[in-house]
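Please look through the sequence and the model below. The paragraphs after it go from the chain as a whole to a few local sites.

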Amino acid sequence: MNSASIRLAPLALAVLSPAALGQVEAPSFDNVPYVHDTGWVAPGGSAGGGLELCASFSVDQEGAEWIRLYFEDVVLAGDPLAGTGAELRITSMLDGGLQVMNAIEVERWERSTAYFNGDSLVVEVWARPGTGTSRVQLEAMDMGTPPLLGTTSICGPNDDRLPSTDPRSGRLLPVGCTGWLIQDCAGCFLTAGHCTGNIQVIQFNVPPSSSSGSIQNPPPSDQYPVDGASLQSNGGQGVGNDWAYFGAFPNGTSGLTVTQAQGPGFQLSAPPQPGSADIRITGFGTDSTPPERNQTQQTHVGPLVTNSGTTVQYQTDTTGGNSGSPVIWEQTDTAVGIHTHGGCSSSGGQNSGTSFSHPDLQSALASPQGICGAGLASADTPTLLPPLQPVMVSAQALGPVVAGSVTLHERPSASGMFQSIPMTDMGGGMFTAQLPGYACGDAPEYFISAQSVTCGQVFAPVGGASDPIVAAVGVANTSFADDFETPQGWQTASTATTGDWQRGVPVNDPSWAYDPASDGDGSGSCFVTQNTAGNSDVDNGEVQLTSPPLSVAGAASQVDYLYYLELTNQNAEDALTVEVSGDGGASWTQLRRHDTSTGGGWIADTLTPAELSGAGVLPGSSMLLRFTANDANAQSIVEAGVDGVEVGTVECDPTSIGTVECFPAAANSSGAPGTLRAEGSSAVVDNDVQLIAESLPANSVGYFLVSRDAGLIVSPGGSSGNLCLSGSIGRYAGDVLSSGPAGEFLFQLDLTALPQPTGAIGAVAGDTFRFQAWFRDFTIFPTSNFTHSLAISFD
């Protein structure tokens, strides 16, 4: 993962009002449980047809001004990159607002939805027959409630703000700030650093609020999920030192990027000197006169008062919710800074922002991350690849690209040369290609390039060939996993006055911008520092979270975990450290020191086998894992979280043989497509090939098929899957197998007697035979399915 290195500048000297306050104003809401499970569902029509409704349910919450949903899990059948993916559709019964999500969009929205008006929604699952089963598990919602209205930092006796419709300014939720579009390559945004503890969605074309002042939401097609990997922020260090730079994914319903939908963003320039310059602030501040203007876009112009160092100040009206607004030089319509703090009163004063000339902001803009840096958004770029099996990867262009320029570059190891594979244009800026199957022992690397019409050569990841995605080949074998839903023996210790580690569902206090909105792995619970509302971060010391003894099964063992971190004193004394001990805690080795914020989201990290070995953790032993969050600066905020801890190995069987074809198969009721692999020798004389079909429904029955010829018959006999063989097809019908609780078939081939319709034949050197498994799936209709096929060339 690429991460920004952010340097903190000293606080600039400026004329400060007695009460310069950050202007965050989270809309009023309650988070309430709301559980519904569709179970495994599939359409009953003929395979090969269009989308059909296969599940529908209503969500009703009396008294809700608006609703946002959160899912425990969403499994959508088919492949959205191949045009066969199922869709999750959510519709507001109040105004018809519609959000359409495929499997990629579900992940980008982190298993949540856009914001919908009213107190009633309809949730639907639409899928294509023959593509497998889908399931939606709803767990909670945010319901909007009437706010407590008020105004602050109005410069003089009257609020002179007026409604406006600048397409470049958006409303940030759930934090309650303003973000705005700039003219960089990818069409990204700026806001205040102190807003970035909880930014998930940016909305444009915001309608008037309700008569109670509760926010109303634009259609889901005007709402965009924020890319946490793009966020660079100093967390908010006070007046003149408070900035953030981030991007958002394209809208899945419209297929448009923000720039495509809203037009070009602000041009940036250095601020002028006071005298004849005026400053306009356009943002989403609170208001009560009338309440319909509350947290809708309003604007006001006032004189520039101060331009000193990295601080700009002005007598322009703002209120809570205006934090992050553009500081616009009225005479040129260029943005010269980021509004961050209120300080005006009825008797005068000034409001304050951070100048565009801030050196760390300039550094961040020069080294964009995530979606801001690539010009390409990686939609599906796996890092664990099954052996000898082609795998689809995808990327989405964030603007117009030269036709035929989007290319996948891959190599089996760092010592090889990159090979180029043209990617297929799937429409809507989405491009796909397949990685070839890799063998055990390979360490594949790959990246994607494109020629942007506006930005030139762009890459995903940003570094291209110098920083490719590195994948492992094999199958994950987990020896320990903890999603923190139940206690598994973790111990806590503390020298701090507040902020002890606590296990539970994050409280997500809307008035405290630094705690996580949810857990990291979607299970619900995690460990966080003092899981209570209000100012509950780590203060005046350190807090430790230590694992129970963890088994290290083999030399390839690694530790995967998710972490959350919000620091207002970054790249300095405060940090979240990760240590391991191979001697029961007598000594510890630090392997990580996280000292930059995660931007309101969770980040995955891995302690590699080499790192564990270097720390004295040996195969066959046990180890302890310790997370420590420390507060060394009395004026700083430290909030941390840990989730999804797993210990395991990536195993690969070098005896696997054959080439995967007709991949992937249709998903079955296990939630995944059935797979097929073979172990043994390709030498006919050895006659020791075993077929292994996996990811099948538990306790299913079926048998194997064999043919010399490949083919494709969609849903033969009403099956959910595809027959990938043709010509003379033999059946091992006399060897009916049971998948058992593990959901797998194991079958030893006899190469001297391969069945054919005209009788058994023997394989000889030079022959290629193709195999496929057919199986029953009684929990769905149609009631049978196939794995993909496997071609084995014998010698």
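This is a predicted model. Among contacts in the protein chain between residues at least 6 apart in sequence, 75% link residues that are at least 24 apart. The secondary structure of the chain consists of five helices and 58 strands.

The overall dimensions come next. For a chain of 795 residues, a compact globule would have a radius of gyration near 28 Å, and the protein chain has 28 Å, so the value agrees with that expectation. Taken along the principal axes, the box filled by the C-alpha atoms is roughly 100 × 60 × 50 Å. Of the 795 residues, 56% count as buried. The chain exposes about 28,900 Å², and 52% of this area is supplied by carbon and sulfur atoms.

One local example of strand pairing is found at residues 445-452, which form strand β30, and residues 456-460, which form strand β31. These two strands run antiparallel to each other and pair over five bridges.

Another strand, β38, covers residues 541-546 and includes threonine 546. Is threonine 546 buried or exposed? Its relative accessibility is 15%, and because buried means under 20%, threonine 546 counts as buried. Apart from neighbours within four places in sequence, threonine 546 is in contact with Gly489, Trp490 and Gln491, with Trp588, and with Leu625 and Arg626.

A buried residue can also be found in a loop. Glutamine 297 lies in the loop between β17 (278-283) and β18 (298-308). With a relative accessibility of 8%, glutamine 297 falls under the 20% cut-off and therefore counts as buried. Which residues does glutamine 297 contact, leaving aside its neighbours within four places in sequence? They include Leu162, Pro163, Ser164, Thr165, Asp166 and Ser169, and also Thr282, Gly283 and Phe284. For phenylalanine 284, which is 13 residues from glutamine 297 along the chain, the C-alpha atoms of the two residues are separated by 4.7 Å.

Terms used
Residues are numbered from 1 along each chain as its sequence is written. This is a predicted model: local features need pLDDT of at least 70, side-chain atom pairs count only at pLDDT 80 or more; totals for chains, interfaces and linings use all residues. Side-chain values use heavy atoms; hydrogens and water are left out. Helices (H or I, at least four residues) and strands (E, at least two) are DSSP runs, numbered from the N terminus. The radius of gyration is taken over C-alpha atoms; the globule rule is 2.2 Å times the number of residues to the power 0.38. Buried means under 20% relative accessible area, exposed over 50%, partly exposed in between (1.4 Å probe, protein chains only). Contact means heavy atoms within 4.5 Å. Accessible areas come from the Shrake-Rupley method with a 1.4 Å probe; for residues, only the protein chains shown count as cover. Two strands pair if DSSP finds at least two bridges between them.
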